[in-house]
Every structure is written in structure tokens, then in C-alpha cells.
Amino acid sequence: MPKRITIPQVDRERQRDIIATVRDTAMHILHDSYLPRTNLWPKNGFKSGHGIGCRIKDCVYIGVNAWVLDAPPITGRLYLNIWNTEEKRREQQAEHIKIILDFAYSNNLYFEDEFKKTSPTDYLWFKFTYTPTN
């Protein structure tokens, strides 16, 4: 049986801090944009997590996968899962979120749309690069 790889507690705490920083920064960028003043802002807001199995209509789930944690720059992926039964509204929300977060920079975090050439789906993927100032 293969040996299970365990992550030391210090690394888990660092990973949680990085995930929280990335998620909070993305939310600040979205809140500071024009989107909250439009009818495209999700009626049930943004929620942490992947959203699989949750059927809250007109909600966007936001999550983070952090890959390189041990040396700056820290890289990973921010993903947004748009839950909406109205296809046209979901596509409009996705397009506007892509416009706002693509090439966004804040709090030493840089976001870039990972799949620029694809049509909007219910998932959006943004690569991020984070250079902490410690």
C-alpha cells in the first residue's frame, strides 16, 4: 500500500492563509467594480466553496487551489462556479466577471483568465500569482 503523504500543520495554516487572502482579494476587486450596481450581481451573493451539490439559484461559489506555497511567487487557481438556471443571465454574469478579474492586480495578487478563448460556462478559472511582502 502506498505511503500517505501528510502536510505538516504549519504548511496547512500557511495554505489556509493564502487561500483566504486570494479569495478576499478577488471579492474586494469584484465589490469595487461596477458589478454590484448592476442587475447582474448574484441575488444570493458569493459563497465560499465549490458549490457541487448545492442548488442555490443565482449564486456564485468561489474557491482557491494554491499550488506552490514554499517560495514566492505563490501560484494557483481561483475558480468561480456560477449557479443560475437562466442560461442568458449566467453567460452575462460570466462575461462581466471575466472582464473584471482578467489582468486584475491588487494586494500583490495578479489574476489572469486561464481560458480566454473559450465560451462562458458555469465555471470560470483564473490563474493567480501572489508575491507576499514579508
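Q: Welcome! In this predicted model, where does partly exposed lie between buried and exposed, and how does asparagine 107 count?
A: Buried means under 20% relative accessible area and exposed means over 50%, with partly exposed in between. Asparagine 107 has 45% relative accessibility. Because that value falls in the middle range, asparagine 107 counts as partly exposed.

Q: Where is asparagine 107 placed, and what is its phi?
A: Asparagine 107 sits in the loop between strand S4 (105–106) and S5. Most residues other than glycine have a negative phi. Asparagine 107 is not a glycine, yet its phi is positive, near 55 degrees.

Q: Which loop holds asparagine 108, and is this residue buried or partly exposed?
A: The loop between S4 and S5 holds asparagine 108. Its phi is also positive, about 60 degrees, although asparagine 108 is not a glycine. Its relative accessibility is 26%, so asparagine 108 counts as partly exposed.

Q: Now to the core: which element gives the largest share of the largest nonpolar core?
A: This core has 30 residues. Elements that give two or more residues to it include strand S2 (59–68), strand S3 (74–83) and helix H2 (87–101), along with helix H1 (9–32). The largest share, seven residues, comes from H1.

Q: Which phenylalanines does leucine 78 touch?
A: Leu78 is among the residues with the most contacts inside the largest nonpolar core, a group that also includes Leu30 and Ile97. Leaving aside residues up to four places away in sequence, leucine 78 touches Val22 and Ala26, among others.

How values were computed. Residues are numbered from 1 along each chain as its sequence is written. This is a predicted model: local features need pLDDT of at least 70, side-chain atom pairs count only at pLDDT 80 or more; totals for chains, interfaces and linings use all residues. Side-chain values use heavy atoms; hydrogens and water are left out. A nonpolar core is a set of buried Ala, Val, Leu, Ile, Met, Phe, Trp, Tyr and Cys residues joined through side-chain atoms within 4.5 Å. Buried means under 20% relative accessible area, exposed over 50%, partly exposed in between (1.4 Å probe, protein chains only). Helices (H or I, at least four residues) and strands (E, at least two) are DSSP runs, numbered from the N terminus. Contact means heavy atoms within 4.5 Å.
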